[in-house]
Amino acid sequence: MKKIAIVTWTRGCNYGTILQAYSLSDFLNKNGNDAVLLDDSKLNQQFESNQPGKEKSLVLPTKQEGKIIRLLKKIKKAIGVFLSPKKRREYRNERVFEEASQQKLLAFRAFKKEYLKQTNPMGEDELESVGKEYDVYICGSDQIWTYRSDRVANYYYLGFTANEKQRVAYAPCIGEQKFPAESILLLRQLLARFSAISMRDEHGATLLKKLTEQEIAIVTDPVLLKTKEDWISDFSLSESGEKYLLCYLLGKHKWYEKKIKRISKRLKLPIRWIPVNPEQASFLKFGEGPCGPREFLELFRNASFVCTDSYHGTLFSLIFEKQFVNFERYTNEENSQNQRFYSIYRKLCLPNRLLTEADPVDELPAIPYDSVRKKMEQCRKDSQAFLFNALEVKQ
């Protein structure tokens, strides 16, 4: 048994982030290790508090002035709501979304407490001791290797770990077209300390090959380490028999709704939403119930068709073998976010499912899950083998 610390994002209420963290740690623990997720919530507060442009004004209102300012804002908003039907709809959506967000927060907290094996939150002053405590340190997935600053890189690239410790990168992602020139020297030094490096897509592997002489493997996102049956069993996901078109969309493009309605009409399916912003709250009702990570999985399991612009929305559509489309959230070619989708399409020999505003949605080819299932299983086995081999390597 190896004592393993996993460095990945665990803060916030992002479904994909939490589920990939759970999947990697659970997989390692079920295969004879003692793996724990390092809680990065306190660290990120420290990182963000010292970012340029984050300085607070030195002239702060008094307590009484603050009350007056808040009261005036409420009065101004109330007048706007009273006079404008549009403002009334927006206010209603804000209230519904706020209620849903509070329920979601509580559901995430309960999920983390029950399912994530996690340390206490730690600050930068504790990293040196944490860097000596474990046998192996693994960089998990998500876009944790997007460069933000040297301080942040020191944590997510395991710069804080003692020299004699083993370091492994499993499926981190880089949400940039290239690294800033000023970061190259530090990143070269940090990468040279790893005994095994893998990335989640070809784009990231290409960037890293320029910085290190090591071989860069390409592996699956941690959520694909588990099968559909694993996810159903882990969370006792029920089968509702309900038919619906599931929408999980992080972007705010106006053309999304037009295409969703067209698909819904063609397939004769009612629309269900997993809301992530107030604009989507118009599809909700008061007291509809929380949507935590478990409910998220259940909605995907039971969906008849999925519309998403989310990477993990795509992966869970594939895991639960759903017909789906991706909407192109990012259109700027300088942004590499879309490369994640192209990479998984190539791995599974899927035709492009990333649709732009101009693309039709009426005659999408069906996803051939008989062949996709076999390719996913091979990707899963190859990725698991990378992890097993990486843990056997000695520094």
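1. A word on terms before the tour: helices (H or I, at least four residues) and strands (E, at least two) are DSSP runs, numbered from the N terminus. This is a predicted model, in which local features need pLDDT of at least 70 and side-chain atom pairs count only at pLDDT 80 or more, while totals for chains, interfaces and linings use all residues. Residues are numbered from 1 along each chain as its sequence is written, and side-chain values use heavy atoms, with hydrogens and water left out.

2. Let us start with the whole chain. It has 14 helices and 11 strands. Of its 395 residues, 51% are buried; here buried means under 20% relative accessible area, exposed over 50%, and partly exposed in between (1.4 Å probe, protein chains only). The accessible surface is about 20000 Å², and carbon and sulfur atoms hold 52% of that. These areas come from the Shrake-Rupley method with a 1.4 Å probe, and for residues only the protein chains shown count as cover. Among contacts with a separation of 6 or more, 79% join residues 24 or more positions apart, where contact means heavy atoms within 4.5 Å.

3. Next, the interior. A nonpolar core is a set of buried Ala, Val, Leu, Ile, Met, Phe, Trp, Tyr and Cys residues joined through side-chain atoms within 4.5 Å. The largest one has 62 residues, and Ile 138, Trp 231, Phe 296, Phe 316 and Leu 318 touch the most other members. Beyond residues up to four places away in sequence, Phe 296 touches Tyr 15, Leu 19, Tyr 248, Ile 274, Cys 291 and Phe 316. A second, separate core has 37 residues, including Val 7, Ala 153, Leu 190 and Leu 207.

4. Helix H10 (residues 255–267) deserves a look. Its 13 residues reach 19 Å from the first C-alpha to the last, close to the 18 Å expected at 1.5 Å a residue; that expected span is 1.5 Å times one less than the number of residues. Trp 255, Tyr 256, Lys 259, Ile 260, Ile 263 and Ser 264 of H10 are buried. The buried residues of H10 pack against strands S7 (245–248), S8 (271–273), S9 (305–308), S10 (323–327) and S11 (354–355). Just after H10, Lys 268 has a positive phi of about 60 degrees.

5. Two further backbone angles are worth checking. Most residues other than glycine have a negative phi. Ala 171, in the loop between strand S4 (166–169) and helix H7 (184–191), has a phi near 60 degrees. Ala 171 counts as buried because its relative accessibility is 0%. Ser 236 also has a positive phi, about 50 degrees, although it is not a glycine. Ser 236 sits in the loop between helix H9 (228–235) and S7, and it counts as exposed because its relative accessibility is 55%.

6. Where does Lys 228 lie? Lys 228 is in helix H9. At 25% relative accessibility, Lys 228 counts as partly exposed. Its C-alpha is 9.1 Å from that of Leu 318, 90 residues apart along the chain. Not counting residues up to four places away in sequence, Lys 228 touches Ile 319, Phe 320 and Glu 321.

7. With a relative accessible area of 3%, Asp 201 is buried. The C-alpha atoms of Asp 201 and Lys 347 are separated by 9.6 Å, though the two are 146 residues apart along the chain. Leaving aside neighbours within four places in sequence, Asp 201 is in contact with Cys 173, Ile 218, Gln 339, Arg 340 and Ser 343.

8. On a 1 Å grid over the protein atoms alone, a cavity is a set of points where a 1.4 Å probe fits but cannot get out, and lining residues have an atom within 4 Å of a point. Thr 220, Leu 224, Ile 344, Lys 347, Leu 348, Met 376 and Cys 379 line the largest cavity. Helices H13 (339–348) and H14 (369–392) are the elements that give two or more residues to that lining. H14 has 24 residues and reaches 34 Å from its first C-alpha to its last, close to the 34 Å expected at 1.5 Å a residue. The buried residues of H14 include Met 376 and Cys 379.

Technical notes:
On a 1 Å grid over the protein atoms alone, a cavity is a set of points where a 1.4 Å probe fits but cannot get out, and a pocket is an open set with protein on both sides within 12 Å along at least five of seven lines; lining residues have an atom within 4 Å of a point.
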